[in-house]
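Biologist: I am new to this protein and would like to be taken through its structure. Could the discussion proceed by question and answer?

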Amino acid sequence: MGIEILSFTIKDVYDDVQYLASLGKAQTAAVKRDADVGVAQANRDAGIREAECEKSAMDIKYNTDTKVEDNSRMYKLQKALFDKEINTAKAESQLAYELQAAKIRQKIRNEEIQIDVVERRKQIEIEEQEVQRKERELNATVRLPAEAESYRLQTVAEGKRTQTVEVARAEAEKTKKIGAAEAYSIEVVGKAEAERMRAKAAVYKQYGDAAIMSIVLEALPKIAAEVAAPLAKTDEIVLIGGNDSTTSEVARLVGQIPPAINALTGVDLSKVLSKVPGAK
């Protein structure tokens, strides 16, 4: 009998002094270095290649974008030209349509105006005929009778005016004659009064104070009457002071007459009386 090993797996190999680990460190470091260098070179080459690829891609993209923009611009230019031609054609078509529509409307309006003119002419003819009819009716019913009445009234007015004028002339002549007669009468009376005054003046001049005294004496009763007029309405007069007082009061009143006459007429009655023979 014995032990048969078919397979086995080494999980770990180690020693206490790290000999095995030390043997592999230099090789491991060189391998790692070479690996890092290789990785760096690979990364560099990859970066360069990637940059070149990106540059090529960007160039292609830029060229493509430029071509796209050029094509877009050309498209827009072509589209603008096409739109311009289309809009021009549309505008021309619209203007032609509006012009034709305006011509048609103008033609219709002209026809309507012609119709209105014809209707207005007919209306004017009808109105003129109506005016003529009313004119004839007015002449028959109003104007001719009115003219006849006017002529009658004018004739009557002329007659009344003539009558009034004649009456006024007669009245004026009458007034003129009456005025002349009154003026002549006033003139005659004035001359007579003047003659009388001249005669009185001559008499007064001839007789002097005696004539003036005569006038004053003639006027004294009238003056006394005017002075006594208020006393005529008095029922009773009472004088206080006895009989002597009454006499003196009467004498005082009589003594005031010459000054009153002098004040009223300017004639000094005392002087005139002193010139009368036998008067004191």
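The questions below move from the overall model to individual residues.

Modeller: The model is predicted; local features need pLDDT of at least 70, side-chain atom pairs count only at pLDDT 80 or more, and totals for chains, interfaces and linings use all residues. Residues are numbered from 1 along each chain as its sequence is written, and side-chain values use heavy atoms, with hydrogens and water left out.

Biologist: Which element of the protein has the lowest mean pLDDT?

Modeller: pLDDT is the predictor's confidence in each residue, from 0 to 100. The protein averages 75, and 68% of the residues score at least 70. Where pLDDT is low, the predicted coordinates should not be read in detail. Among the elements, α1 has the highest mean, 80, while the lowest, 59, belongs to helix α3 (residues 242-255).

Biologist: What pattern does the protein follow along the sequence?

Modeller: Helices (H or I, at least four residues) and strands (E, at least two) are DSSP runs, numbered from the N terminus. The protein has 5 helices and 0 strands. Read along the sequence, the pattern is therefore α-α-α-α-α.

Biologist: What percentage of the residues count as buried?

Modeller: Buried means under 20% relative accessible area, exposed over 50%, and partly exposed in between (1.4 Å probe, protein chains only). The protein exposes about 24800 Å², of which carbon and sulfur atoms supply 60%. Of its 280 residues, the share that counts as buried is 3%.

Biologist: How many salt bridges does a search of the whole structure find?

Modeller: A salt bridge is a side-chain nitrogen of Lys or Arg within 4 Å of a carboxyl oxygen of Asp or Glu. One of them joins Asp34 and Arg33 (3.3 Å, N to O), and Asp34 is partly exposed at 46%. The search of the whole structure gives a total of 9.

Biologist: How far apart in helix α1 are Lys61 and Asp65?

Modeller: The side chains of Lys61 and Asp65 meet in a salt bridge (2.9 Å, N to O). Lys61 is partly exposed at 42%, as is Asp65 at 33%. Within helix α1 they are about one turn apart, a separation of 4 residues.

Biologist: What is the N to O distance between Glu130 and Arg133?

Modeller: Glu130 and Arg133 are 3 residues apart in helix α1, so about one helical turn separates them. Glu130 is partly exposed at 32%, and Arg133 is partly exposed at 38%. Their side chains meet in a salt bridge with an N to O distance of 2.4 Å.

Key: Accessible areas come from the Shrake-Rupley method with a 1.4 Å probe; for residues, only the protein chains shown count as cover.
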